[in-house]
Structures are given as C-alpha cells and as structure tokens.
Amino acid sequence: MKRNTPGKFDTFDAVYDTLYSRFPQQRMTLRDGDLSLIRVTQGSHSTTDPGVPEVVFRLVTDGPIEQSSVDIGDGRQALSGRKNSFYLAPADADASWQAEGKHSLLMLAVSQDRIAGLLDGVGSLDPLYGHDIESPLSGQILERMWTEAQTGGPAAALMAEGLFLNLLAKLVETAEAQTRTGQVAALGHRKVARIIDYIDAHMDEKISLEDLALLADLSTFHFCRSFRAATGQSPQKFVTARRLQAGAALLADPTQSLADIAYACGFSSQSHFTATFRRAFGVTPGSYRRETAD
C-alpha cells in the first residue's frame, strides 16, 4: 500500500484534493459551500488525514472493504467496511486510515461550529465518534442529499438543508440510545485530577493517549470511554482545551511572541495555534491579546 503523511489543510476538500488525488472523485456543494459532498472510489491505501475544522459523515456505498480501520487518537479501531456502513469523523482530529481492496465512499463535510450551533441544548454526537454507527436511515439521507445537490436550484438547496437537519436528529437519537445502553463507568475524580496535572506539566511535549491511559491504569479503549463519561470530552479534545487555556493565559505577557506561546503550549506552529485558537474563541490570539490588554 502507498503511505501518505499529513500536511497542513484548512478544509476537508483540500485534504482530498491533495492526499487522495489519485482516486477518481466527484464533488457537490450546497448552501454556498456550507455543505460539501464528495463521492470517491478508492483502492488499498494507508493515509493519515490531518485534523480539519469539519465533522465528516462517511458512508461506504460499494464494498465491502476487505480490511478497514481508523485511529483518531483513541487507539486503532477496526471498522466493518461493509456496504452501507456509516462512520462519523470528529473535527480537529488526525485520522489514520488503513484500507484494503477497492471500495466507494460518499462523504459530507460540515463545519463543527455549525453543528455545535444547531445542537446547542439539543444533544451531542460525541458518543458516535470512532466506530461504526448502526443507522441505515442515515445512509439513505446522505444519498438523497447527493441527489438533491445534482438537481441544483433553490428548491434543491432547501430540500438538502432539511435532509441535513433530519440526519443530525437521527444521529443524536442514535447517540442517546447508545449512551443509555453503554453503562460506561466514569473515571474517578482523583484519576482525572492526576491526568490534568500530567497534561499541564507536559504542555510543551507530545501527550500520547497511551501515557494518559497508563496513568488511569486502563486500556486505551476503556480509558477513552471512561474519560469521556467523566469530562464530557474525548482525551484529545480535553488536551487541546487545556493547551488553549494555557495559551490564553500566556497572551497576557506582552514580552512573549505568539510563536513562543504556540510551542510552549504544544502546538506544532504559530499558524496551528492561531487556527485552533480562532475556532475555539472566535478571534485570533493577536486580537485576543489586544482586546484583553485594553
């Protein structure tokens, strides 16, 4: 299999333009690009998609994929790869994919900010990330959105918007049912505190999921579930949030450059820090520094 390494991309479309250009693909957009659809036929590959500020809805439309797995920072998980299987990839997470055999996918990329706004006070998709989703209706909705995008025109755009809202509602319902039946034991307060202390002490280093799981004396799989049950966030999102909090505090010191702050908080570059900070706070670090200094 050909192996690719991640680069720096601002959108999921850009990821596919670059890392998957060798595979035949079609694209459709709706709502002035707010909803981005990609249909692609792939062969065997091992590829790491860098994190982007979009949630990606992924449907296998032709398969099965002989072997399929993904690691989004919670440990490698095997996927069924069967036709009509559905998967949800979170925003801002590197996704390391491995696949064997020819297969086709239909994907929808939507801004995490838009999804968060729609689901505010309604529900969460968090329990669905990282594994196959049992939701046949979701795949049907995604296919119908593609058909509406092909039709074009204002009526089709409205229909696609309604279908997207229906898709979110169905997935929130699935997430709630999974949470009710999962019975995941939350990580204890002392272990959570120990993990927070470790994150803060190693802010300028790479913090691996394996190291955090070891602190909790759990496997990576059970640690991720228990940590989410305790904090409401995946370990990766929690670490990013702590890095951002530390960065915001350091911005109060005008003698520290943005690049120095970025590296001190574990970001790979100033641009990575700026992009992540803006998504979280709605302003760039420079603007935040000026506003808080007034």
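Start by selecting Asp 13, which is partly exposed because its relative accessibility is 22% (buried means under 20% relative accessible area, exposed over 50%, partly exposed in between, with a 1.4 Å probe and protein chains only). Before going on, some housekeeping: this is a predicted model, where local features need pLDDT of at least 70 and side-chain atom pairs count only at pLDDT 80 or more, while totals for chains, interfaces and linings use all residues. Residues are numbered from 1 along each chain as its sequence is written, and side-chain values use heavy atoms, with hydrogens and water left out.

**Stop 1: a salt bridge**

Asp 13 and Arg 27 form a salt bridge, with 3.1 Å between the closest N and O atoms (the cut-off is a side-chain nitrogen of Lys or Arg within 4 Å of a carboxyl oxygen of Asp or Glu). This pair links distant parts of the chain: Asp 13 belongs to helix α1 (residues 12-19) and Arg 27 to strand β1, 14 residues apart. Helices (H or I, at least four residues) and strands (E, at least two) are DSSP runs, numbered from the N terminus. Arg 27 counts as partly exposed because its relative accessibility is 30%.

**Stop 2: the sheet**

Now show the strands. In what order do the 5 strands of the open sheet come? The order is β1-β2-β9-β4-β7, and the pairing is antiparallel (two strands pair if DSSP finds at least two bridges between them). At the edges, β1 (25-30) and β7 (86-89) each pair on one side only. Neighbouring strands here are turned by 20° against each other on average, direction ignored. Axes are lines fitted to C-alpha atoms, for helices over the stretch in contact, and angles run from 0 to 180 degrees between N-to-C directions.

Zoom in on β1 and β2, an antiparallel pair joined by 6 bridges. Select Thr 29 and you'll find Ser 36 of β2 opposite. The hairpin of these two strands has 4 residues between them, and Arg 31 there takes a positive phi near 55°.

Next, colour β2 (residues 35-42) and β9 (residues 103-111): they run antiparallel and share 8 bridges. Thr 41 has Ser 104 in β9 as its bridge partner.

**Stop 3: helices on the sheet**

Select residues 112-119 to pick out helix α2, which packs on the sheet and touches β2, β4 (54-62) and β9; the direction of α2 makes about 70° with that of β9. Contact means heavy atoms within 4.5 Å. Then take residues 136-151, helix α3, which also packs on the sheet, touching β1, β2, β4, β7 and β9, with a direction about 105° from that of β2.

While you're at α3, click Glu 143. Its salt bridge partner is Arg 39, with the closest N and O atoms 2.8 Å apart. Glu 143 in helix α3 and Arg 39 in strand β2 are 104 residues apart.

Arg 114 lies in helix α2 and Glu 161 in helix α4 (residues 154-182), so the pair ties together parts that are 47 residues apart in sequence. Are these two residues buried or exposed? Arg 114 and Glu 161 are both buried.

**Stop 4: into the cores**

Select Phe 57, Leu 108 and Leu 125: of the 55 residues in the largest nonpolar core, these touch the most other members. Such a core is a set of buried Ala, Val, Leu, Ile, Met, Phe, Trp, Tyr and Cys residues joined through side-chain atoms within 4.5 Å. Helix α4 gives the largest share of this core, 8 residues. Another core, of 27 residues, lies apart from it; among its members are Ala 248, Leu 258, Phe 273 and Phe 277.

**Last stop: the rings**

Stay with Phe 273 and Phe 277. Their ring centres are 5.6 Å apart and their planes at 65°, so the pair is edge-to-face. Rings of Phe, Tyr and Trp (its six-membered ring) pair if their centres lie within 6.5 Å; planes under 30 degrees apart count as stacked, over 60 as edge-to-face and the rest as tilted. Phe 273 and Phe 277 are about one helical turn apart because 4 residues separate them in helix α10 (residues 270-281).
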